Amino acid sequence: RALKQGEFCFYLQPKCNNMTKAIVGMEALVRWNHPTRGVVPPGEFIPLLEETGLVTQLDLYLWESVCKMLHRWKEEKRNLVPISVNVSIADITSLDVAKVFGNLVERYQLEPKLLLVEITESMMARNMKLVENTIKGLHRKGFSVLMDDFGSGYSSLNMLKDTSVDGIKMDLKFIDMDRSNAGKGRQIVESVVEMAHRLHLPIIAEGVENQEQVHLLQAMDCLYTQGYYFYRPMPVADAEELLAQPANENYW
Ligand code: C2E
Ligand code: CA
Ligand code: CA
């Protein structure tokens, strides 16, 4: 019903270069404008939609909305940055995701590098072969794939070994760990960053909320950050204003 009534929209949260603060991309995060409850965050409805498979309808709507926006940005000659969208495992099992994305960029005349796909690591484990085939299909069409929530599940390293993702988003719990578990936490964050470097994979730290964390990441040469410290998720209009300012930089 909410889909039919047009109650879903998305916010955008910038990803920044830690050193220069330049915006290198944004993530589209769904929001539900509930008629009586106001803006409902995805944590309250996505898990339920995932269980029931309904998430796919929502995601199809969301991906298309993002492509429409990018198309409009192009028409309006705005500064463009790649936008990432979230893909659920339910989407991968019920759709040919590569084909869907391929059709979308064709319909909205976009370069595939403007659209990034984020897949949650813990979900990858559930159906690895299918996930890897999907990643390969996306690669063939020119899309890149990020492993979301890296380190949140029990099989992160296996996932990294057995899939061909193009980048890693380090789960926000890692950054938090540094605070709660001084020495050890820092070492683990550092090792994860170092590992990404060795694998030549760009790494984005999620959940960065203060300057201390930014400094820590800078010291580790972790180049990219997505977190409240730089920007919170914001309505599209605010993101457009932000992008209108100069000094953004191209993604990797
Ligand atoms: P995610 O993909 O890991 O997205 C990042 C989440 O971390 C967002 O929560 C964002 O608001 C939050 N976040 C960003 N910076 C900080 C920070 O500095 N501190 C803290 N504490 N949190 C931060 P959000 O928007 O509530 O989304 C939650 C999850 O819902 C997402 O996690 C993603 O798994 C899922 N989701 C969001 N949009 C979609 C969608 O369109 N489709 C699907 N399938 N899932 C979605
Ligand atoms: Ca994500
Ligand atoms: Ca994440």
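Predicted model: local features only at pLDDT ≥ 70, side-chain atom pairs only at ≥ 80, totals over all residues.
How many nonpolar, polar and charged residues does the shell around ligand 1 have?

**Figure 1. The shell around ligand 1, by class of residue.** The shell has 10 nonpolar residues, five polar residues and seven charged residues. Of the 22 residues around ligand 1, those that come nearest are Arg 31, Asp 59, Asp 148, Glu 209 and Tyr 228. Ligand 1 takes up the space of the largest pocket.

**Figure 2. Helix and strands in the shell around ligand 1.** At least two shell residues are supplied by each of strand S2 (23-34), helix H2 (55-75) and strand S6 (144-150). S2 gives the largest share, with four residues.

**Figure 3. Polar side-chain atoms beside ligand 1.** In the side chain of Gln 13, an N or O atom is 3.0 Å from a nitrogen atom of ligand 1. An oxygen atom of ligand 1 lies 3.2 Å from a polar side-chain atom of Glu 27. For Glu 206, a polar side-chain atom lies 3.5 Å from an oxygen atom of the ligand. On its own, ligand 1 has 800 Å² of accessible area, and the protein covers 82% of this.

**Figure 4. The calcium ion (ligand 2) and its protein donors.** The donors are Glu 27 (OE), Asn 86 (OD1), Glu 118 (OE) and Asp 148 (OD), and they lie 2.1 to 2.3 Å from the ion. Along the sequence, the spacing of these donor residues is E-x58-N-x31-E-x29-D. Glu 27 is in strand S2 and Asn 86 is in strand S4 (residues 83-87), so this pair ties together parts of the protein that are 59 residues apart in sequence.

**Figure 5. The calcium ion (ligand 3) and its protein donors.** The donor residues follow the spacing D-D-x56-E in sequence. Glu 206 also has the polar side-chain atom 3.5 Å from an oxygen atom of ligand 1.

**Figure 6. Asp 148 between the two calcium ions.** Which residue coordinates both the calcium ion (ligand 2) and the calcium ion (ligand 3)? Asp 148 does, and the two ions are 4.4 Å apart. Asp 148 is also among the residues that come nearest to ligand 1.

Terms used. Residues numbered from 1 in each chain as written. Chains lettered and ligands numbered in written order. Heavy atoms only, no water. Near = heavy atom within 4 Å. Polar contact = N/O pair within 3.5 Å; in protein donor to acceptor, adjacent residues only side chain to side chain. Areas by Shrake-Rupley, 256 points an atom, 1.4 Å probe, with all protein chains shown as cover. 1 Å grid on protein atoms, 1.4 Å probe; cavity = no way out; pocket = protein on both sides within 12 Å on 5 of 7 lines; lining within 4 Å. Sits in = over half its atoms within 2 Å of the grid points. Nonpolar A, V, L, I, M, F, W, Y, C, P; charged D, E, K, R; others polar. Donors = N, O, S within 2.8 Å, 3.2 Å for Na, K, Ca; no water.
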